[in-house]
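Take a moment with the sequence and the 3D view below. The text then walks through the chains, their contact and a few single residues.

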Amino acid sequence: MGILEVKGVNKRFGGLQALGDVNLSVAENTVHAIIGPNGAGKSTLLNVLVGKLIPDSGSVMFDGQSVLGRKPHEINQMGISRVFQTPEIFADLSVFENVMIPCFAKRDGAFRMHAIESTHHEKDMAEQAMAMLDDVNMADKRDMIASSMSRGDKRRLEMAMCLVQDPRLLLLDEPTAGMARADTENTIELLKDIRKKRGITMAIIEHDMNVVFSLAERITVLAQGTPLVEDVPEKIKGHPKVREAYLGEAQV
Amino acid sequence: MLGLNSRDFRLFLIVCALCVFAPILLNPFPVASSLGESFNAGYPALMQRFVIFGLLVIGFNILFGLTGYLSFGHAAFLGVGSFAAVWMFKLLSYNVVPAIILSVVVAGLFSVVIGYIALRRSGIYFSILTLAFAQMMYSIAFSDLVGKLFGTIVTNGETGLQVYNDDPQILMSEGSPTVPHLFGLEMNSAFTWKVGGWEFVFQNGYYLSAIFMILGFYLSIRIFRSPFGMMLRAIKSNQTRMSYTGLDTKPYMLAAFVISGMYAGLAGGLLAAMDPLTGAERMFWTASGEIVVMAILGGVGTLVGPVLGAGVIKYLENIVSKINDSILHNWFAFMPDWLENLMVTVIHPFIGKGWHLTLGLLFMAVVIFLPGGLMQLGEKIATLFGRKKKSDDAKSGATEPAE
């Protein structure tokens, strides 16, 4: 029984079957990659997991509780954090504040009227945030406005914002999309580091096979909205069905 | 100090000092001089407006400055506050305490309902919804729809609401003052201090309003520096990340909206406490627009900007509009006649009723050259004089807790 159990999920957009009978089980304490050619339904699946889309049928259970019909913030409060394809950060706020906000969300829940307390007096929160920034080597950038940083740093920051909440499941949507080679390598190192230090369960959607094979412990291949195979990376590499799916796309 | 960091505390003290000494600072010219007649702004009625509208825009800035949601109907809460206060005068007595309390409460209730509905949309749609609500409330007040429905008076329509001799005023006793008062301290009584040609008027009403503005200012600093304020800025920055961080944006927005509505209600209550009558025109959409202009002119999202913006506009409205052609002729009397007439002709459209033109030009100049409002001008001047930007000591203050 995995921490995340997707059973028989269908999602249709007009005439397009985006997801057809998807079953997926992400075991606790693994890195599970979901790969597939363009239009395979990877992003749709992710959006179902975070509550942005509601599937037509099927169930999505996280730690024995259904996530369907819950709002994104409620799903986050259950312990699922998400890293976006384009880093979603608080661009107008300082790096430090960017990390403080998830600390508060973790401690105080979805809403708290803390209008009179001073942010600077929240020493525990500040310590947590600083420790996290240290962890991702961004302590020296704490007072920078987030929008002024490089794309790689924004990704790093977004990761820090998710990790500081100690999520039970971290969802990554193409974390290296559009990145330069060096940034991609950095991100892989960062993710490996996180995995080693914190043992967080990750579900990762990725195009870049290099990234997938250096991180994933288990891989699900999605094609045309349906899972083709699920196995360990070594077996996936030479799998005929996978080749077909990918080569088929390449020939088009 | 008072839970503020040293920089905010200094700012707070400056604002307090300005409020206390305003009657002196705003009357720099002798009464009898021609400059004094035209430019002295230190008379109670205008000073009250400075602080009351300052308070109103401070509250507006908590919503617009922090969350970026532009309410275009804030005058409705001001009007509601005024009506509530006048009703307290009519029913209880001229004591301002129940009036002010009720004005805040009633404006709070209205903003809960309007905010709950308007906040279902964001951006321009939110602005339009707030505008629509305010205009509906204006129409209802102007035609006294509620009163007609119950066969009584609620807002008294076009005439406006005021206190009549046959009103119940159940808490009035024989010796009670017949003007708004604070436990006997009459709002419109003042102490006049004459020094040489100067005359400084210290009025109770002004000081009561100033105290409320100072309290409101203090609260707004606390909100700006609180985790709640940080959440509001986060909403402005990225709502997607907000919800994926486990935060529900709706209650945060609504809380900001209600707080700012209550500020407006308090301002409305104070307006009525200074002058116990009110009418629907206080809720008209141009009044709401004026609040937006004040905030943008002063500097949206800054602490003192709103007060500054309110001050500048009220100054223009009351001072520039008073200048007329004969005053101009007086000023330019030293010139040859043809030049004098030319100057008067050139300046004529910008004074008197044309003060809106002056305001328009000023507003355009600020928006184009100083997008950060007049506060940005202050910053620019400060850098010009080689003072290092103050953000440095704010940062060192912020570093402490992490150590």
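Predicted model: local features only at pLDDT ≥ 70, side-chain atom pairs only at ≥ 80, totals over all residues.

Start with chain A. Its secondary structure consists of nine helices and 10 strands. The chain has 252 residues, and a compact globule with that number would have a radius of gyration near 18 Å. Chain A comes out at 19 Å, which agrees. Along the principal axes, its C-alpha atoms fill a box of roughly 60 × 40 × 30 Å. Of the 252 residues, 44% are buried. Take the contacts in chain A between residues at least 6 apart in sequence: 68% of them join residues at least 24 apart.

Now turn to chain B. Here there are 18 helices and six strands. With 403 residues, a compact globule would have a radius of gyration near 22 Å. The value for chain B is 23 Å, which agrees. Its C-alpha trace spans about 70 × 65 × 40 Å along the principal axes. Buried residues account for 43% of the 403. Among contacts between residues at least 6 apart in sequence, 73% link residues at least 24 apart.

Next comes the place where the chains meet.

Follow α9(B) across to chain A. There it packs with helix α3 of chain A, residues 95-108. Two packed helices are described by the angle between their axes and the distance between the axes. For α3(A) and α9(B), the angle is about 115° and the axes are 11 Å apart. That angle makes α3(A) roughly perpendicular to α9(B). The crossing of α3(A) past α9(B) is left-handed. Which residues meet here? From α3(A) come A:Glu97, A:Met100, A:Ile101 and A:Phe104. From α9(B) come B:Pro227, B:Met230, B:Met231 and B:Ala234. The classes in this contact are seven nonpolar, no polar and one charged.

On the α5(A) side, the contact uses A:Arg151, A:Gly152, A:Arg155, A:Arg156, A:Met159 and A:Leu163. On the α6(A) side, it uses A:Asp183, A:Asn186, A:Thr187, A:Leu190, A:Ile194 and A:Arg198. By class, this contact has four nonpolar, three polar and five charged residues.

Now zoom in on single residues. B:Met283 sits in the loop between β6 (277-278) and α12 (285-298) of chain B. Is B:Met283 buried or exposed? It counts as buried, because 30 C-beta neighbours lie inside 10 Å and 20 or more is the cut-off. Leaving aside residues up to four places away in sequence, B:Met283 touches B:Ala75, B:Ala76, B:Gly79, B:Ala134, B:Met137, B:Tyr138 and B:Ala141. B:Met283 and B:Ile124 are 159 residues apart in sequence, and their C-alpha atoms are 20 Å apart in space.

B:Lys380 belongs to helix α17 (residues 374-384) of chain B. B:Lys380 is exposed, with 12 other C-beta atoms within 10 Å. It is 10 residues from B:Leu370 in sequence and 9.6 Å from it in space, C-alpha to C-alpha.

Finally, look at two backbone details. A:Gln224 has a positive phi of about 50°, although it is not a glycine. A:Gln224 lies in the loop between β9 (218-223) and β10 (226-231) of chain A. With 15 other C-beta atoms within 10 Å, A:Gln224 is partly exposed. In chain B, B:Asp144 is likewise a residue other than glycine with a positive phi, near 45°. B:Asp144 is placed in the loop between α6 (123-143) and α7 (145-149) of chain B. B:Asp144 is partly exposed, with 19 other C-beta atoms within 10 Å.

Technical notes
Residues numbered from 1 in each chain as written. Chains lettered and ligands numbered in written order. Axes fitted to C-alpha atoms, helices over the stretch in contact; angles between N-to-C directions. Helix = DSSP H or I, 4+ residues; strand = E, 2+ residues; numbered from the N terminus. Parallel < 35°, antiparallel > 145°, perpendicular 65-115°, else oblique. Left-handed = near helix turned anticlockwise from the far one by under 90°. Contact = placed C-beta atoms within 7 Å. Nonpolar A, V, L, I, M, F, W, Y, C, P; charged D, E, K, R; others polar. Rg over C-alpha atoms; globule rule 2.2 N^0.38 Å.
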